[in-house]
Amino acid sequence: MATRLRPSNKRCAVIGGSGFLGRHLVEKLLDRSYSVSVFDIRQSYELPGVTFHQGDLCDKQALLPALKDVSLVFHCASPAPASDDRGLFHKVNIQGTRTVIQACMEAGVQKLVLTSSASVVFEGTDIKNGREDLPYAKKPIDYYTETKIEQEKLVLEACDKEKGFLTVAIRPHGIFGPRDPQLVPILVDMARRGKMKFIIGDGTNLVDFTFVENVVHGHILAAERLRSDSPICGKPYHITNDEPIRFWDFMSEVLVGLGYAAPRYHLPYALVYGLAMLLWLLALILRPLVAFKPTFTPMRVALAGTHHYYSCERAKQDMGYKPVVSLKEGITRTVESYPHLRQGA
Ligand SMILES: NC(=O)c1ccc[n+]([C@@H]2O[C@H](COP(=O)([O-])OP(=O)(O)OC[C@H]3O[C@@H](n4cnc5c(N)ncnc54)[C@H](O)[C@@H]3O)[C@@H](O)[C@H]2O)c1
Ligand SMILES: CC(C)=CCC[C@@H](C)[C@H]1CC[C@H]2C3=C(CC[C@]12C)[C@@]1(C)CC[C@H](O)[C@@H](C(=O)O)[C@@H]1CC3
C-alpha cells in the first residue's frame, strides 16, 4: 500500500541524525508527526518510520536522495570537537556545508536550520549574557570553532527569500543529556584517571549548560516559524537553559551524582592555560613522530575558567522560546541515564 504522504511542510531530513542531538531531534520530530529521513556517515540506531541514508555530506550525489520530497532540512552534523582534525573540520564544516546548501537548492528544499554554536563568538575571555550581535571570534581558540564560524556565515548568507530558500542558525551552548558522547563521558574518564581533583581558577565563573530537549525544542520552534515574513530569516539564535550556573558546580553535581568526588583544590587559571598551550604546541610539533592528545586543551581550560553565558532574549522575542526542562531536572535525568559510568560500575 502506498505510504500516505504527509503535507510537504511535515517532510524533513536530519543531516547528522545519528548523533547525540540529531537522534533526540529525530525522536521529537516523529512525536510531532513529521516524516523523517536521516542522512549520516554512520547509522547508530533504527527507528520505525525513519528512512536512513548513509553517506558523507561532502558527497552531493549521496545527499540528494535523502532530500527528495523534503521541504525542511536540519543540519546538525559535525566532526567531534575532540578530534581536533583541522583538515576534517574544514572538509566537513566548510566544504561540506557548501555542498549541503547546493543540494538543498537543487532538491527544492525551502528551509535549512543549522546547528551552530554559541562558541562562535568566544575567544577565551569572559562573555556575560552575550547577545547574538557580538562579533565572531577573530582568533578562535580551536579549529572546530574556526570552522563553525565559517559554517554559520555560509548558511545565513544563503538565505534568499526571492528564491524561496530560508535559513536560520541555532546556537546552543554546552549541550548535555542522555546519550551525550562528549561531556559526561569525558568528564567521567578524567575523574577515573584522577584528573578531576582540581578546580581551574577561583571556581566562580558562570556558564550555560543546555539540556538536549531544550535544544531540540529551539530547533523545531525555529523550523516552524521560518517563513518569508518572519523576523528570524537569516539570523542566529542563542538557545540555552537560561540558567547560568558555576561551571565547577555543574561538574561537581554530575560527578557526585555518579559517585565520584567533587574537585577540591584550586589551581591558578593563567598557569593551567599556559601549560595547556605548551602541551598543545608540543603535540603539534611531535605529531609526525608520536600522536598524543592532551586532556586539558586550551579550549577546555578556557571554558572551565571563564564566564561564558548568553542571552536568549532574541529567541524568546522572535520565537516564543523558553526552556521546557529545568537545569536541575536535566542534571537528574542525565545522571540517571548513565548507570554504566557510575563509580565502580
Ligand atoms: N554537544 C554540544 O555541546 C554542542 C553545542 C553546540 C553546538 N553543537 C553542534 O551540534 C551538532 C551536533 O552535535 P552532537 O553533540 O550531537 O555531535 P555528534 O558527534 O553526536 O553528532 C554529529 C553527527 O554528525 C555525523 N557526521 C560527522 N561528519 C559527517 C559527514 N561527513 N557526513 C555525514 N554525517 C557526518 C556524525 O556521524 C554524528 O552522527 C554539531 O553541529 C555541533 O557542532 C554541539
Ligand atoms: C576542563 C574539564 C573540567 C573538562 C571536562 C568536561 C569537558 C569535556 C566539557 C566541559 C564543557 C564542554 C563543552 C564542549 C565539549 C566538552 C566540554 C569541554 C563544547 C566545546 C563542544 C562543542 C560545542 O560547540 C561547544 C559549545 O559552544 O556549546 C561546547 C562548549 C562546552
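Where do E150 and K153 lie, and how many residues apart are they? Both residues lie in helix 4, three residues apart, which is about one turn of the helix, where helices (H or I, at least four residues) and strands (E, at least two) are DSSP runs numbered from the N terminus. The structure is a predicted model, in which local features need pLDDT of at least 70, side-chain atom pairs count only at pLDDT 80 or more, and totals for chains, interfaces and linings use all residues. Residues are numbered from 1 along each chain as its sequence is written, chains are lettered from A and ligands numbered from 1 in the order in which they are written, and side-chain values use heavy atoms, with hydrogens and water left out.

E150 and K153 form a salt bridge whose closest N and O atoms are 3.7 Å apart, a salt bridge being a side-chain nitrogen of Lys or Arg within 4 Å of a carboxyl oxygen of Asp or Glu. Side chains of opposite charge can pair when their charged atoms come close. E150 counts as partly exposed because its relative accessibility is 32%, and K153 is likewise partly exposed, at 27%; buried means under 20% relative accessible area, exposed over 50%, and partly exposed in between (1.4 Å probe, protein chains only). Another salt bridge joins the side chains of E152 and R171, at 2.7 Å from N to O. Since E152 lies in helix 4 and R171 in strand 7 (residues 166-172), this pair ties together parts that are 19 residues apart in sequence. Both E152 and R171 are buried.

In total, the structure holds 15 salt bridges, and one of them links the side chains of R179 and E27, at 3.0 Å from N to O. R179 lies in the loop between strand 8 (175-176) and helix 5, whereas E27 lies in helix 1, so the pair ties together parts that are 152 residues apart in sequence.

Ligand 1 is surrounded by 25 residues, of which the closest are F20, L21, D40, Y144 and K148, a residue being counted as near a molecule or strand if one of its heavy atoms lies within 4 Å of it. A polar side-chain atom of D40 lies 2.6 Å from an oxygen atom of ligand 1, and a side-chain N or O atom of K148 is 2.9 Å from an oxygen atom of the ligand. The protein covers 90% of the 820 Å² of accessible area that ligand 1 has on its own, with accessible areas coming from the Shrake-Rupley method with a 1.4 Å probe (for residues, only the protein chains shown count as cover). Helix 1 (20-31) and helix 4 (143-157) each supply at least two residues of the shell around ligand 1.

Around ligand 2 there are 18 residues, the closest being S117, S119, Y144, H173 and G174. A polar side-chain atom of H173 lies 2.9 Å from an oxygen atom of ligand 2, while a backbone N or O atom of G174 lies 2.6 Å from an oxygen atom of this ligand. Taken alone, ligand 2 exposes 650 Å², and the protein buries 93% of that.

Conventions:
Polar contact = N/O pair within 3.5 Å; in protein donor to acceptor, adjacent residues only side chain to side chain.
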